[in-house]
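User: I am new to reading protein models. Please take me through this one with a few questions and answers.

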Amino acid sequence: MDLLSTSHVDRNDVATRPSALVPSLDDPLDEGSSEVATPASTYDAALREAEELRRRPHVSAGVENIIRQHSKGRMTVWERIRVLTPEPPRVVFENWGPNLDGASLVTAILRIGRRDVALYGHDFTVRAGSMDATNGRKLARLFQLAGERGLPLIGLNDSAGAYVPAGVGGLDGYAEAFAALRKISGVVPSIMCMFGFNAGGGSYLPRQGSFVIQPGGTFFGLTGAAVVKSVLGEVVSPDDLGGPRVHGASGVADLTVPDEVGALRTTVRLLSYLPDNSRESPPFQRTSDPLDRETTEIDTLLRRAISSPTGYSTPLEISILIQRICDHGDYFEVQPLRARNTITAFGRVGGRVVGFVANNSAVASGQIDVAAAYKNARFIRFCNLFNIPLIFMEDTTGFLPGREQEAMGIVQAGRAMLDAIIDVRTPRILLLVRNAFGGAYASFNNYATGADVVLALPTTRVAVMGPAGKEFVYKDELRKVRAQASAREKAGVKERLGRGVDEAKAKAEARDEAAAWLKAREAEFNARYERELMNPREGLSLGSISRLVMPWELRSVLAENLEFLLRHYQPGPFVGVQREFH
């Protein structure tokens with residue numbers, strides 16, 4: 001073929017070439033583009049159905065039920081979650097149940113303060129938040145997840161109880177949840193908020209948790225007021241039967257607050273003191289409060305108390321000492337409405353979480369009664385399980401005696417507290433503030449029961465008994481003094497009769513004179529007993545006290561000892577012998 005022929009172009013070839021491409025900003029996959037829309041595919045239908053199922057737990061209640069919930073002064077479960085954290089929840093097991101409606105129970109993982117937290121919440125707007133077998137399985141899976149991953153648990157309880165149409169399935173659901181929650185007890189901490197009206201299983205399940213918070217205007221209990229009336233004929237209001245005032249005083253509710261928002265905010269604050277699980281230490285929080293800050297206010301308080309006419313018997317509000325020791329005076333009291341003769345609280349010293357167990361002599365001389373012993377025992381056991389060091393502050397005249405306390409089981413309650421103290425494995429310090437007498441001292445975290453450090457203020461009085469102990473120590477001398485008082489009274493009567501004084505008047509004057517003389521002599525014995533036995537000297541000589549601490553250096557000394565003890569403590573689950581206990 002020649003050159004002329006190779007340069008020749010066929011007209012038919014030119015006609016079949018494609019035309020030049022024209023640039024366009026239209027998305028050919030966009031339904032609104034100029035391209036012809038294709039009919040909806042099976043894939044599109046599946047996507048739409050999936051999105052509907054994802055939204056169903058949020059919208060299945062309907063506007064009317066949400067308005068009804070709001071009219072009662074209650075939030076929906078989704079609104080409660082938004083108070084806990086602004087971050088959207090990662091819902092797990094969302095569409096369980098025959099109708100795929102979320103089964104009236106929300107289970108999710110939240111992010112609260114950069115921590116993962118497992119959460120469940122009853123959706124009262126759907127089937128009154130009731131429980132069936134499906135819900136029980138759903139809850140059990142969440143509890144299992146929390147235990148395996150080491151996540152703290154929050155429960156938002158607002159349920160009418162078992163779903164009656166589900167028959168025995170509702171009871172099975174509760175039983176499965178009971179068992180699963182019990183298995184993670186001591187593995188992860190749990191905080192339960194009580195909203196609305198909860199009875200039966202709706203009360204038992206959350207009370208398995210570490211802490212229960214109850215707002216005002218709510219009820220939970222074994223049965224409602226209507227059942228009590230029908231069975232016992234007793235008319236009682238829900239508030240008097242199972243309201244915050246009742247449960248706060250008994251300790252069934254650890255904390256009571258005015259409203260739902262208060263309960264949720266308190267939950268977040270309490271969580272800040274708790275570790276994620278029993279394998280970890282509580283969260284450290286940096287502080288600008290100097291460790292060597294002087295606690296001069298404690299010095300002033302003790303000076304005024306001891307210098308008052310009532311002296312060592314002057315009531316002393318121990319929470320003031322706790323406040324001055326803690327970083328910036330901030331602490332979190334647990335069960336504040338129950339047994340105020342003892343204080344249990346979380347605080348931070350140098351950024352480290354610590355549990356305080358303190359006798360409060362401002363109430364009933366700080367004597368330990370049944371309620372105080374159980375309150376202490378429960379708090380001590382929690383701290384022991386979750387690697388929280390303890391500071392015991394002692395100022396008590398002993399266990400409360402009496403027929404009523406014996407009938408209520410003070411021996412058993414005291415044993416429960418003693419057992420809890422002996423089993424403690426976390427770092428622990430005893431601070432002797434003032435009075436430490438008898439069995440109360442022997443069972444309140446001294447060296448013999450396992451204390452790491454025992455410190456004492458100069459105001460400490462350690463003895464087998466209080467001032468009444470002089471009757472045993474100086475028995476013979478007191479017998480002689482009282483015989484002398486009797487002889488003085490007789491001599492006084494005789495002397496007055498000799499001066500012609502009326503017999504009745506002579507006896508009265510002689511009796512009063514002898515009594516005043518005897519009171520002065522007994523006061524001398526009291527002072528001698530305090531000087532010889534009711535002071536820190538004997539404790540120091542026997543090694544029962546490691547050192548004396550001045551009131552103004554209390555924070556720095558406690559912080560110094562805590563840091564040392566925690567440097568040599570390895571957090572981990574409790575693996576000791578599981579002894580019998582109440």
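User: What share of the chain's contacts between residues at least 6 apart in sequence join residues at least 24 apart?
Analyst: This is a predicted model, where local features need pLDDT of at least 70, side-chain atom pairs count only at pLDDT 80 or more, and totals for chains, interfaces and linings use all residues. Residues are numbered from 1 along each chain as its sequence is written, and side-chain values use heavy atoms, leaving out hydrogens and water. Contact means heavy atoms within 4.5 Å. Among contacts between residues at least 6 apart, the share joining residues at least 24 apart is 74%.

User: How many salt bridges does the structure hold?
Analyst: A salt bridge puts a side-chain nitrogen of Lys or Arg within 4 Å of a carboxyl oxygen of Asp or Glu. One of them joins D289 and R555. The structure's total is 27.

User: How far apart in sequence are the parts that D289 and R555 tie together?
Analyst: The closest N and O atoms of this salt bridge are 3.8 Å apart. D289 lies in the loop between α12 (260–271) and α13 (296–307), and R555 in helix α23 (residues 554–567), so the tied parts are separated in sequence by 266 residues. (Helices, H or I, of at least four residues are DSSP runs, as are strands, E, of at least two; both are numbered from the N terminus.)

User: Is R555 buried or exposed?
Analyst: Buried means under 20% relative accessible area, exposed over 50%, and partly exposed in between, with a 1.4 Å probe and protein chains only. R555 has 0% relative accessibility, so R555 counts as buried.
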